[in-house]
Amino acid sequence: MAPPVEGGDAALLPEFPRGPLDAYRARASFSWKELALFTEGEDMLRFKKTIFSALENDPLFARSAGADLSLEKYRELNFLRCKRIFEYDFLSVEDMFKSPLKVPALIQCLGMYDSSLAVKYLLHSLVFGSAVYSSGSERHLTYIQKIFSMEIFGCFALTELSHGSNTKAIRTTAHYDPATKEFIIHSPDFEAAKFWVGNMGKTATHAVVFAKLHVPGDQCHGLHPFIVQIRDPKTLLPMPGVMVGDMGKKLGQNGLDNGFAMFHKVRVPRQSLLNRMGDVTPEGTYVSPFKDVRQRFGVSLGGLSSGRVSILSLAVVNLKLAVAIALRFSATRRQFGPTEEEEIAVLEYPMQQCRLLPYLAAAYALDHFSKSLFLDLVEFQRGLASGDRSARQAELGREIHALASASKPLASWTAQQGIQECREACGGHGYLAMNRLGVLRDDNDPNCTYEGDNNVLLQQTSNYLLGLLAHRVQDGACFRSPLKSVDFLDAYPSILDQKFEVSSVADCLDSAVALAAYKWLVCYLLRETYRKLNQEKRSGSSDFEARNNCQVSHGRPLALAFLELTVVQRFHEHVHQPCVPPSLRAVLGRLSALYALWSLSRHAALLYRAERRRSCPGRRDRAS
């Protein structure tokens, strides 16, 4: 076990070595140590310091300058490093329950070292482990200990070759045989092969496999998760009936072994079904504590959100690293000046500030949001574990699903764009491999795709919002949600009557101003999307066609604007707490306002078009 970092603030937050950044640090209007203590807390800083110190002093984590590892060697080394992380026991199961924010903190620390290591660790412990914990019952608790002792190594097998985002079309089957009290897991053809599964390529011994559950009489009860052993833990040879292999080299994250698997009538015990949502009796009768299919679906959606919330955290890490590299370079790189004898740091140029500082603000805002959403997910999973069958619990699952479905696209795209801007802002030096910007860009890229394509996921969020408005129109229901992310919509008619009025630019430095504009924008987009959807249906389009025809110019911006508003709202509340140290209020307030205004500025065309329509109510845009 890694020894914790002892000592006071000097050991926890030592002074930086003397260097070219001293001049900028001396000009700071706030204490960086005070900011670190406020944003992280002393306990979390010590936890992170313990992790970094252990990795720094362990030869297994040493990097060889300029060495290019072979694919096999990189994956072998990544697995050994992952195993060492568990040996250090940075985070016990008890710690996870006591201090849940240490989970994303550990993932972020590993991500700062190597994305492949972070993803490998989280797929095993958080995604696979969370699926067993939240979808299983007491009979599956023995797996939890084996997960953290690495007696078994896990993966999450949902996606198939033919179907990824369309989970309802998954074709792997699980037929129950009451004679032997076993499920028969089967892939009907190659297109039903589980595909792109992280950890499956070389190292996973067990998988949470999603398959359509059939009971005698061929009655299908939809997708359910099963624990299936795919390899012998001692030899790593495939189990009988399992064809498993590696996907090969990828564009990035090559330390992670993505793989595929097919199952030929593989028999697993009845107890292999993760039975939180539904179970099968020994005789073959399907039973479920959820009589309402919609409620059961809401619970299952929340259970699938852990991977997306984890990706949000990983994208933030990539953005943090890129921004730190680019800003430090910009503070030391000197080009041109007021005289030929005097050159100034490129960070002094407004153009460089305009390119980089919004991404600095985004890193802070998204980091806070990722932590708060993770705590929401923990609340939901604890409700599952305690057997909460309430309507609030099911609604919480739907709300978290909507937030996670939009937060992954927002964070991964922001990181993608931010890393590229940082690369270009560093000029020619930004193209050197040693600065990590290229690796960060390639390793961040899959965040835009796995656990759901970003554009497809945004439709989940817009559908959630449209469903709430339809419920309001048809039944007069109020806009209410457990996390209160949609409560402001209850006043949407009056919000749409408001006008954006400020007397000076200085007024906009309060993020509350941008918040008000964002609420108006989301209300407007929700109304227009709802109108467009109904217009399409009245024109004869099916529901499928109507939603597709709404997505490009209506549903997609609605989902993004809603999530941006949620991030701005939570960060605004965070930085305006009474407990914020007086010396930090100004800088945190500026970060909050900068992120809010920068994000809002991306919707300038929409805001202009909306105002034109309001000014000329008889005029309708041809596109509508």
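Colleague: In which helix does Ser407 lie?

Modeller: Happy to take you there, with the reminder that this is a predicted model. Ser407 sits in helix 13, which covers residues 391-425. Ser407 counts as buried because its relative accessible area is 1%, and the cut-off for that word is under 20%. Setting aside residues up to four places away in sequence, Ser407 touches Leu312, Phe369, Leu373 and Leu563.

Ser115 belongs to helix 8. Ser115 is also called buried, because its relative accessible area of 7% falls under the 20% limit. Once neighbours within four places in sequence are left out, the contacts of Ser115 are Gln253, Asn318 and Asp443.

The domain assignment divides the chain into domain 1 (9-13 + 22-132), domain 2 (153-286) and domain 3 (299-614). Between the C-alpha centres of domain 1 and domain 2 there are 31 Å. Their contact draws 17 residues from domain 1 and 22 residues from domain 2. Together, domain 1 and domain 2 bury about 1,600 Å², and carbon and sulfur atoms give 68% of that area. On the domain 1 side, Arg75, Lys120 and Phe128 supply 37% of the area buried against domain 2, more than any other three residues.

Three salt bridges are counted between domain 1 and domain 2. Helix 5 (71-88) and helix 8 (115-135) are the elements that give two or more residues to the side of domain 1 that touches domain 2. Helix 8 brings the largest share of that side, with 10 residues.

From here, let us turn to some strands. Strand 8 spans residues 258-263, and six of its six residues are buried. Asn258, Phe260 and Met262 point one way from strand 8, whereas Gly259, Ala261 and Phe263 point the other way, and all are buried. Strand 8 has an antiparallel pairing with strand 4 (residues 194-198), over three bridges. In that part of the picture, Lys194 stands opposite Ala261. Strand 7 (residues 242-246) also runs antiparallel to strand 8, and five bridges join them. Phe260 of strand 8 is the bridge partner of Gly245.

Strand 9 (residues 266-269) shows another pattern for you to trace. Strand 3 (residues 182-186) is the antiparallel partner here, joined to strand 9 by four bridges. To find the pairing on screen, look for Ile185, which stands opposite Val266.

To come back to your serine: Ser407 lies in helix 13, and its contacts include Phe369 and Leu563.

How values were computed
Residues numbered from 1 in each chain as written. Predicted model: local features only at pLDDT ≥ 70, side-chain atom pairs only at ≥ 80, totals over all residues. Heavy atoms only, no water. Buried < 20%, exposed > 50% of the residue type's maximum accessible area, 1.4 Å probe, protein only. Pairing = 2+ DSSP bridges. Domains from an automatic or database assignment. Contact = heavy atoms within 4.5 Å. Buried area = accessible area lost by both parts, 1.4 Å probe. Salt bridge = Lys/Arg side-chain N within 4 Å of Asp/Glu carboxyl O.
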